[in-house]
Amino acid sequence: QTLPPRMADHQAPPVSSINSNNSINGEEGIQVAIRMRPLNDREGEHRRVWKVLPKYASITQTSTDGQPLPEKIMGRTFFKYDKTFPEQSTTKDVYDSVAKGIVSSVVSGLNGTIFAYGQTSSGKTFTMQGSGTIAEGSAESGGGVVHMAANDIFQHIKQATDRIFLVRVAFLEIYNEV
């Protein structure tokens with residue numbers, strides 16, 4: 001089975017070549033990032049078999065006792081990404097590193113998309129929407145990427161008194177459960 005290049009053998013560009021607008025060497029680009037969520041109560045009795053290696057922007061499979069497998073097989077037991085976020089990372093960490101540059105580009109007139117993908121219960125909704133109600137999500141500690149993006153967009157609009165803005169937003173959540 002052939003995996004998409006980003007997952008199987010993608011070599012992330014050096015950090016210095018990625019600017020604040022998430023473009024690589026001045027060109028638009030797509031970044032692929034992964035956030036490992038903590039094990040939930042039901043899963044807590046099991047051991048994690050995947051480990052994030054932030055220094056290498058990768059994840060690797062481990063034995064049940066947490067030791068690296070003796071052989072790393074690209075695309076099977078070892079995957080590289082543009083950015084990785086371990087269990088202890090916050091949604092703000094993810095937003096600041098991945099989404100903030102996209103939002104900055106959007107208020108400058110470019111189109112932008114932030115896309116969360118993963119299996120059921122992998123943490124997509126929590127990352128994008130945060131926890132609790134809209135009011136709780138708007139609080140400094142409870143918001144998701146959507147709240148942080150909206151806050152930054154409207155702060156920018158508030159400060160840019162020399163322009164008129166038209167804000168169009170689309171939210172789409174697709175479930176393909178069988």
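Tutor: Gladly! Helices (H or I, at least four residues) and strands (E, at least two) are DSSP runs, numbered from the N terminus. This is a predicted model, in which local features need pLDDT of at least 70 and side-chain atom pairs count only at pLDDT 80 or more, while totals for chains, interfaces and linings use all residues. Residues are numbered from 1 along each chain as its sequence is written, and side-chain values use heavy atoms, with hydrogens and water left out.

Let's begin with the core. "Buried" here is under 20% relative accessible area, exposed is over 50%, and partly exposed is in between (1.4 Å probe, protein chains only).

H2 and H5 pack at an angle of about 40°, with their axes 9 Å apart; axes are lines fitted to C-alpha atoms, for helices over the stretch in contact, and angles run from 0 to 180 degrees between N-to-C directions. On the H2 side, Thr 91, Lys 92, Tyr 95, Ala 99, Lys 100, Val 103 and Val 107 meet Val 145, Met 148, Ala 149, Asp 152, Ile 153 and His 156 of H5. Pick out Ile 153: leaving aside its neighbours within four places in sequence, Ile 153 is in contact (heavy atoms within 4.5 Å) with Val 103 and Val 107.

A search of the whole structure finds two aromatic pairs. Rings of Phe, Tyr and Trp (its six-membered ring) pair if their centres lie within 6.5 Å; planes under 30 degrees apart count as stacked, over 60 as edge-to-face and the rest as tilted. The ring centres of Trp 50 and Phe 79 are 6.0 Å apart and their planes are at 50°, so this pair is tilted. Since Trp 50 belongs to strand E2 (residues 50-53) and Phe 79 to strand E4 (residues 78-80), the pair ties together parts that are 29 residues apart in sequence. Phe 79 is buried at 12% relative accessibility, whereas Trp 50 is partly exposed at 27%. In the other pair, Phe 115 and Tyr 117 have ring centres 6.4 Å apart and planes at 10°, so they are stacked. Phe 115 is exposed at 68%, and Tyr 117 is exposed at 75%.

Finally, let's visit some loops. Pro 86 sits in the loop between strand E5 (83-85) and H2, and is buried at 18%. Its C-alpha atom is 7.7 Å from that of Leu 53, 33 residues apart along the chain. Neighbours within four places aside, Pro 86 is in contact with Met 36, Val 52 and Pro 54. Ala 57, in the loop between E2 and strand E3 (58-61), has a positive phi of about 50° although it is not a glycine. Ser 121, in the loop between H2 and helix H3 (124-129), has a positive phi of about 70°, and is not a glycine either. Ala 57 is buried at 12%, while Ser 121 is partly exposed at 47%.
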